[in-house]
Amino acid sequence: YLKISKLALAFAIIHSKPPGKSCKEYTEHLAKTVSEQDFGWKSKVEVLEAEVLRLRQELLLNKICPTFCLENDASAEALLDQACVNPVSYSSQLEDSGCDVSNDYAFNSLGTASDFHQSEHNVGTSKPWLEMVPPLNLCCTSKKEFLTAPVQFLQHLLEIRKLSEGGILQADFTELDNDSFTVCNSVSQLLDALTVFYNSPEFPVSNFLTEAVSVLISLITDTKLSNHVLKKCFKKLEEFKKNLIQIILRNSSVNRFQALHAVSHTLVLLGRNNILRNSLISLLLSEIRRFAEQLFQAHQIQAMYDITHYENIFPLCMMLEQLLQNETEGSNISSLDYDGEEKIKFLRNLDQIILHLSDEFPLFSLYLWRVSVLLNSAQIQ
């Protein structure tokens, strides 16, 4: 049947082709016309799917709390408009590589400390070095709409949770189990949008990305909502973490270091969750070990190595050290059960690698040694 159909289509094209055109040219023209029609239908389908998701979100919120009034429906759009009209004023230093910026100056030039601490109030009070500088808000007009719907829905969800905890509203969060598609799809859309922002940062920047990250972190740290979200979206969150790590490693732009700090900051915030922290530590151990082995082999045969990859590995080292240090200081033995195989692989031949790299790469060797000390300290505990 398929062969007969193809033969019939070929005859139809040959008989109907206009004069002056070959069969190949006419076939390519027809294929282009059909593909354009498909693209138009796909765009219409995407618009309809977005509308369906929005209606499902409203329905779910109404089921969870029928008395909840969606009076802040335009909150996300208002924030977008305000952010785009009044973008955060950044120093002209952003046009430079940022290499000579001190910590104090970077803190002042990347935003106000009060706004940052206010947005992080619900996430925690401990501020190690990696989290002292506020995250860079990488928002642009062409991509802002992609974040609006999931952020608005999840903000309403968190607001209902807060009001119900205070006894102001009666809410039934068991409805989240009955409609896992809406929650999972909304979180997935938010993670995809954040990945797009981090993958191609643009200036000027706005506050909307900070708001989106804050909503994500509040969602996974909320005692009642986090179980629902992690249970339904764990694989997507794992994929998100892997994507952010690869964004750090692959970035080769001159002015990348402040942008990489923003990605690192988001990963550290995700690492505060016990479930996500273990897999994040394993991912960081794997990437750092792989690079250390590659650098060791290149050093042995005096081969060239990727200097950009070498520079980008340090945010991963800082994140890993901070996560392990938090584990050790907290004496949280139950959370130290991350992938033992990755830890064994990391510590294998590590002394030999440090010994051979310490003269030419002292800073990287120092980080390897500090991480090994923290790993051994956790094992002793």
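**Note on the helices of a predicted model**

1. Helices here are DSSP runs of H or I, at least four residues, and strands are runs of E, at least two, numbered from the N terminus.

2. This is a predicted model: local features need pLDDT of at least 70, side-chain atom pairs count only at pLDDT 80 or more, and totals for chains, interfaces and linings use all residues. Residues are numbered from 1 along each chain as its sequence is written, and side-chain values use heavy atoms, with hydrogens and water left out.

3. Which residues of H15 are buried? In this helix (residues 340-347) they are Glu 342, Lys 343 and Phe 346. Buried means under 20% relative accessible area, and partly exposed lies between buried and exposed. Viewed down the axis of H15, the buried residues fall within an arc of 100°, so they line one face of the helix. The arc is taken from the directions from the helix axis to the C-beta atoms. Asn 349 follows H15 and has a positive phi, near 60°.

4. The protein chain has 17 helices and zero strands. Of its 381 residues, 45% are buried. Take the contacts (heavy atoms within 4.5 Å) with a separation of 6 or more: residues 24 or more positions apart account for 80% of them.

5. Next, H9 (residues 180-199) and H10 (residues 208-221). Their axes come within 11 Å and cross at roughly 140°. That makes H9 oblique to H10. Angles under 35 degrees count as roughly parallel, over 145 as roughly antiparallel, 65 to 115 as roughly perpendicular, and the rest as oblique. Axes are lines fitted to C-alpha atoms, for helices over the stretch in contact; angles run from 0 to 180 degrees between N-to-C directions.

6. By class, the contact has eleven nonpolar, no polar and no charged residues. Ala, Val, Leu, Ile, Met, Phe, Trp, Tyr, Cys and Pro count as nonpolar, Asp, Glu, Lys and Arg as charged, and the others, Gly among them, as polar.

7. Finally, Lys 232 in helix H11 (residues 225-250). Lys 232 is buried, with a relative accessible area of 18%. Leaving aside residues up to four places away in sequence, Lys 232 touches Leu 176, Asp 177, Ser 180 and Cys 184. Asn 185 is 47 residues from Lys 232 along the chain, and their C-alpha atoms are separated by 9.6 Å.

Note on methods: Buried < 20%, exposed > 50% of the residue type's maximum accessible area, 1.4 Å probe, protein only.
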